[in-house]
Amino acid sequence: MRVGVTLLVVLLLVCSSLCVVTTRNQYILVDGQPFFMTGATYSIIPTGKIPDSAPDSAANTTYGRGIWMRDINNMKAIGGNTLRVYSMESADHTAFYDYAYANGIKLIVSMWVTYQNFSDPTIRSNLLSSWTAFVKKERHPAILMWCFGNELNIGGNGDGPLFNIMKDVRNVVQTYDTPNPRPVTTTFADRDLSSTISTFYSQSSGFDVFSFQIYRGNTFYNLFKDFNATVKLQKPLLITEFGCDAFDNNNNREDQTQHANWNMKLWNEIYSNSAICAGGLSFNYADEWWRCDKTRPSVHKNCGNTASASFDNYWNEEWSGLYSVAPNPTSGGPDILTPRSIVTNLTKLWSNSPYPKDILTTIPPKPTPTSSSSYITCNSMLLVMLMIVWFMAM
Ligand SMILES: *[C@@H]1O[C@H](CO)[C@@H](O)[C@H](O)[C@H]1NC(C)=O
Ligand SMILES: *[C@@H]1O[C@H](CO)[C@@H](O)[C@H](O)[C@H]1NC(C)=O
Ligand SMILES: *[C@@H]1O[C@H](CO)[C@@H](O)[C@H](O)[C@H]1NC(C)=O
Ligand SMILES: *[C@@H]1O[C@H](CO)[C@@H](O)[C@H](O)[C@H]1NC(C)=O
């Protein structure tokens with residue numbers, strides 16, 4: 001009897017840490033409960049470094065730990081639940097993942113892919129073998145979702161080949177991320193989104209979740225309605241990048257109040273559309289000083305371009321963080337981060353999920369389940385275990 005109970009407890013623990021992320025209709029479910037995403041995109045290039053030559057900030061080095069422990073602690077303290085990392089195909093990230101997992105921060109991990117001719121058999125098979133290696137290497141319970149590349153719909157070949165390769169991308173995850181494959185997505189730039197979705201939705205079996213990156217201004221306009229007109233609550237939508245920078249280019253100064261107002265207007269729209277949208281990620285977590293001029297990454301600069309995405313109609317590349325950064329007076333130490341005023345607003349907003357507690361009872365079952373199989377498998381596994389324990393107890 002005692003052996004049986006111990007076995008059950010162990011299996012429950014194993015199962016609850018593994019059988020986690022699925023989708024059902026417009027919701028992402030973690031351990032069967034709807035999960036509303038809050039957080040930021042996280043590209044972790046500190047001041048003085050450039051992406052081309054920076055050491056891997058997610059690696060388990062003194063340098064890396066100084067950065068990711070700080071940031072996971074911050075995210076946890078302000079109530080965000082997710083970070084999206086862009087390019088994770090290099091070093092061993094187990095320690096970073098362990099720390100995120102232990103602190104309840106979920107990760108969307110991406111393999112870096114630039115736009116290519118996805119119809120070309122050689123390109124396709126090379127990409128899929130890199131993707132396979134990536135999935136096998138990065139598998140960790142901290143991962144919420146797999147992301148193939150970034151903004152691949154802005155290539156020149158039309159979106160059919162992208163929807164097509166995603167089917168194989170998802171198959172790789174189904175094969176190697178076992179026994180409970182996590183959802184798969186790729187992010188879309190804001191280009192012809194409603195026509196892309198209405199044209200290709202019937203071919204979207206390679207997507208568990210749609211991810212859009214939107215910089216339209218201080219509103220998403222009809223985005224949610226347009227999406228729902230085609231998808232009709234059958235797949236989750238995330239806004240995986242959005243926001244404005246904190247620099248007022250007209251007056252040549254930082255303006256944290258306008259930054260907070262503008263970004264909060266967008267966050268509030270995401271919350272009020274939670275019937276369609278499963279959450280969002282601010283672009284981005286912290287300022288990055290390499291963006292204007294890679295020869296001067298230790299200097300905070302004001303370059304940018306005209307863009308309706310920002311309150312001053314100008315996007316300043318090095319000012320998009322929820323946190324501003326300053327170099328550490330100790331050489332080699334992590335940047336000193338200072339939360340911009342929006343962080344106070346976000347902490348308050350993020351402390352409550354827009355989902356009612358009994359939300360699952362309000363969702364009709366999906367007509368043709370796509371990625372709910374692992375959840376069912378896991379439940380049936382538990383049922384079998386319970387029966388075994390019951391027999392052992394007799
Ligand atoms: C990370 O590095 C620390 C310090 O060297 C070590 O104690 C720890 O075991 C490492 N963790 C992993 C998962 O490699
Ligand atoms: C992409 O590859 C396919 C298959 O090899 C080829 O037919 C097509 O012309 C290529 N498209 C472009 C834009 O190069
Ligand atoms: C989304 O579409 C479904 C199906 O057409 C509809 O029943 C629902 O009211 C729409 N939801 C919203 C919030 O517009
Ligand atoms: C942000 O928080 C500050 C301080 O609590 C408050 O005065 C302000 O109205 C909030 N702004 C928004 C847009 O919610």
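The following questions and answers concern a predicted model and the terms used to describe it. Local features need pLDDT of at least 70 and side-chain atom pairs count only at pLDDT 80 or more, while totals for chains, interfaces and linings use all residues. Residues are numbered from 1 along each chain as its sequence is written, and ligands are numbered from 1 in the order in which they are written.

Q: Why is Ile-276 called partly exposed?
A: A residue is buried if 20 or more other C-beta atoms, placed from the backbone, lie within 10 Å of its own, exposed if 12 or fewer, and partly exposed in between. Ile-276 has 17 such atoms within 10 Å, and is therefore partly exposed.

Q: What surrounds ligand 3?
A: A residue is near a molecule if its C-beta atom, placed from the backbone, lies within 6 Å of it. Asn-228, Lys-232, Leu-233, Ala-275 and Ile-276 surround ligand 3.

Q: What makes three residues of the shell around ligand 3 nonpolar?
A: Ala, Val, Leu, Ile, Met, Phe, Trp, Tyr, Cys and Pro count as nonpolar, Asp, Glu, Lys and Arg as charged, and the others, Gly among them, as polar. Accordingly, this shell has three nonpolar, one polar and one charged residues.

Q: Which residues is Ile-276 in contact with, leaving aside its neighbours within four places in sequence?
A: Contact requires C-beta atoms, placed from the backbone, within 7 Å. The contacts of Ile-276 include Phe-224, Asn-228 and Leu-233. The C-alpha atoms of Ile-276 and Gln-234 are separated by 9.3 Å, although the two residues are 42 residues apart along the chain.

Q: Which residues surround ligand 1?
A: Ligand 1 is surrounded by Asn-60, Thr-94, Ala-95 and Asp-98, a shell of one nonpolar, two polar and one charged residues.

Technical notes:
Contact = placed C-beta atoms within 7 Å.
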